[in-house]
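Subject: Structure handover

Hello,

Here is the structure I promised to pass on. Please open it alongside this message.

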Amino acid sequence: MRLAAVAALGLWLGWLRRAPGETFSSMLSVRQALATERRLLRHLGAYLEAETHRLKDLQRFYNKVQDLHQGAGGSAANPLLAYTLIKRLQSDWLNVVHSLEASENTQALKNGYTQVEKDLPEFEDLEGAARALMRLQDVYALSVKGLVKGVFQRASGTHLPDIYSPGQLFPLSADDCFLVGKVAYDMEDYYHSIAWLEEAVSLFRVSYGEWNTEDEGSLEDALDHLAFSYFKARNVSHALSLSREFLHYDPSNKRIARNVLKYERFLVESPERATAEVGLQRPNVTHLQTRDLYEELCQTLGSQPTQYQIPALHCSYETNDSPYLILQPVKRELLRLQPYVALYHDFVSDLEAEQIKGLAAPWLQRSVVASEEKQQKAEYRISKRTDSTWGSFCQLFWATPLSLSAVHSSAWLKDTVDPVIVSLDQRIAALTGLNIRPPYAEYLQVVNYGIGGHYEPHFDHATSRKSPLYRMKSGNRLATVMIYLSSVEAGGSTAFIYANLSVPVVKNAALFWWNLHRNGAGNGDTLHAGCPVLAGDKWVANKWIHEHGQEFRRQCGPDPND
């Protein structure tokens, strides 16, 4: 029965792998996209060079004919002049006007685009990137006006220091802002659509009359979407003003003219709406009741000054009575006693981290979300998996933490893949004193986060007996070992919501915590989240260790409530 289930799941997961839009869910794929764009640049450069040569030749022909007209002075008495005039009109101009060189140059550019088209993002990837900007805006209380200028400054009134200062500014265009606003608009998220469309309108106004080949939106488009966003936000007066401005640029638009009449009639019938100040609210996220605590912890960037006032929280060298660690004890920083959370510095070397990332990179694929009772492929979470039968099986039934939202890619690595995985497993076993052989522990999951990649608050352990975690008959997730394989420039902390603890990304360190009490009950204080990565390339490796096989390694305490 188990083999049959694996086979069926393999077929289903194979179908999922072929689904579109699975490419840009990690920073690794974003870096690969840079190489793709460099190829497009080379094709465009060749096109421009060919077009420059063609236009220079046209300029030569123009100058030649222009000089002849100026020199002839309107006289055609010279038979040679008459002959060349007739030849030009009968032949030369025909060749110039119907030259295939321009279309051949354009076709060469199109052929170059076709060559890389399979590597280009889907529209859902673009939507995801736009939502990532909105997520960063919210979680880190960033000013939209600042983001448009390429600056990561806090919104006014937050009293928080600026979070990140990039070495190079990347300002956004009017069309860039329009697309972010339109994504929010299409989701009926007028809190975000208004902020981004306001910036789009401002920038389009400045450049009105100019046209950029690459732009999809226009001032009229931005005004249209912004006006309706304000109407939905119950600011009818401003919606009317924007609609009238639209008609100034396009007076023949009947739909907008009807909107103007509707808004005017609405204000006559409800005059109080003309001056009503309506405060915009962020979209209600019903599944994220801990949002404020979560975002506050993310904004502290892991700064927890009060913990150093507690003597029990200290640093030490630990061997865990393991011969494996006698000559090289691990460096433990105890972060919390309840729940027990410890950070082990320099747990892997730079070389090991790069090897693990290199082993996982080819297998990064979109994943499946594991809910409490079933699996589902969800738009809000982009994670990837390997083709390994066991890895796919683990992915589906053990899954990644039972989160409601995440943007990342992941792969599962067996210990047979490379000796570095065997060595890491031995080190984890020595550190924890637990049995980490399958099925008592899951294979190593390597994760690469995407743009604004995050995990919303979740538990690693199952909170229901109906959870897929129990189908492998190895019990619940007892403990988590999470290894930071890279550093980041800003963001990406691991926030323990109820423990009021935020742990920054520390390259090569391993974060450890117990998910279950000794009596087997889930520890509610382990609710945690991965804060969005604001800048950088975040890689982590997760090892989840289950209850079964640990009966004599982590025994029950004398107190049944322990």
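Below is what came out of the analysis, from the whole chain down to single residues.

**Overall**

Please keep in mind that this is a predicted model. The protein chain has 562 residues, and 47% of them count as buried. It holds 15 helices and 17 strands. Take the contacts between residues at least 6 apart in sequence: 74% of these join residues at least 24 apart. The accessible surface of the chain is about 28,700 Å². Carbon and sulfur atoms contribute 55% of that surface.

**The disulfide**

The count is 1 disulfide. Cys298 pairs with Cys531, and their sulfur atoms sit 2.0 Å apart. That meets the cut-off of 2.5 Å. The two cysteines are 233 residues apart, so to speak from distant parts of the chain. Cys298 belongs to helix α12 (residues 291-299). Cys531 is in the loop between β15 (528-530) and β16 (533-536). The link is left-handed, with -90 degrees about the S-S bond. Both Cys298 and Cys531 are buried.

Two other cysteines are worth a look. Cys315 counts as exposed, because its relative accessibility is 58%. Cys556 counts as exposed too, at 62%.

**Helix pair α8 and α9**

Helix α8 covers residues 190-206, and helix α9 covers residues 219-232. Their axes lie 9 Å apart. The packing angle is about 150 degrees. The cut-off for roughly antiparallel is over 145 degrees, and α8 and α9 are therefore roughly antiparallel to each other. Their crossing is left-handed.

Which residues make the contact? On the α8 side they include Tyr190, Ile194, Leu197, Val201, Phe204 and Arg205. On the α9 side they include Leu219, Leu223, Leu226, Phe228 and Tyr230.

Is Leu223 buried or exposed? Leu223 is buried, with a relative accessible area of 1%. Its C-alpha atom is 6.4 Å from that of Val201. Setting aside neighbours within four places in sequence, Leu223 is in contact with Val201, Arg205, Leu242, Glu245, Phe246 and Tyr249.

**Helix pair α10 and α11**

Helix α10 (residues 236-249) and helix α11 (residues 254-269) cross at roughly 150 degrees. Their axes come within 9 Å. That makes α10 roughly antiparallel to α11. The crossing is left-handed. From α10, the residues that meet α11 include Val236, Ala239, Leu240, Phe246 and Leu247. Their counterparts in α11 include Ile256, Val260, Tyr263, Phe266 and Leu267.

**Glu49 in α2**

Glu49 lies in helix α2, which spans residues 27-72. Glu49 counts as exposed, because its relative accessibility is 60%. Its C-alpha atom is separated by 9.6 Å from that of Asn105. Glu49 and Asn105 are 56 residues apart along the chain.

**Backbone points to check**

Most residues other than glycine have a negative phi, and most peptide bonds are trans. The following places depart from that pattern.

- Gln338 to Pro339: the peptide bond is cis, with omega near 0 degrees. Pro339 lies in the loop between β2 (330-336) and β3 (341-345).
- Pro438 to Pro439: this peptide bond is cis as well, with omega about 5 degrees. Pro439 is in the loop between α15 (419-432) and β8 (444-449).
- Ala141: phi is positive, about 50 degrees, although the residue is not a glycine. Ala141 sits in the loop between α5 (123-139) and α6 (144-148). Ala141 counts as buried, at 14% relative accessibility.
- Asn500: phi is near 55 degrees, again positive in a residue other than glycine. Asn500 is found in the loop between β12 (494-496) and β13 (501-503). Asn500 counts as partly exposed, at 46% relative accessibility.

That is the handover.

Best wishes

How values were computed. Residues are numbered from 1 along each chain as its sequence is written. This is a predicted model: local features need pLDDT of at least 70, side-chain atom pairs count only at pLDDT 80 or more; totals for chains, interfaces and linings use all residues. Side-chain values use heavy atoms; hydrogens and water are left out. Helices (H or I, at least four residues) and strands (E, at least two) are DSSP runs, numbered from the N terminus. Buried means under 20% relative accessible area, exposed over 50%, partly exposed in between (1.4 Å probe, protein chains only). Contact means heavy atoms within 4.5 Å. Accessible areas come from the Shrake-Rupley method with a 1.4 Å probe; for residues, only the protein chains shown count as cover. Axes are lines fitted to C-alpha atoms, for helices over the stretch in contact, and angles run from 0 to 180 degrees between N-to-C directions. Angles under 35 degrees count as roughly parallel, over 145 as roughly antiparallel, 65 to 115 as roughly perpendicular and the rest as oblique. A crossing is left-handed if the near helix is turned anticlockwise from the far one by less than a right angle, and right-handed if clockwise.
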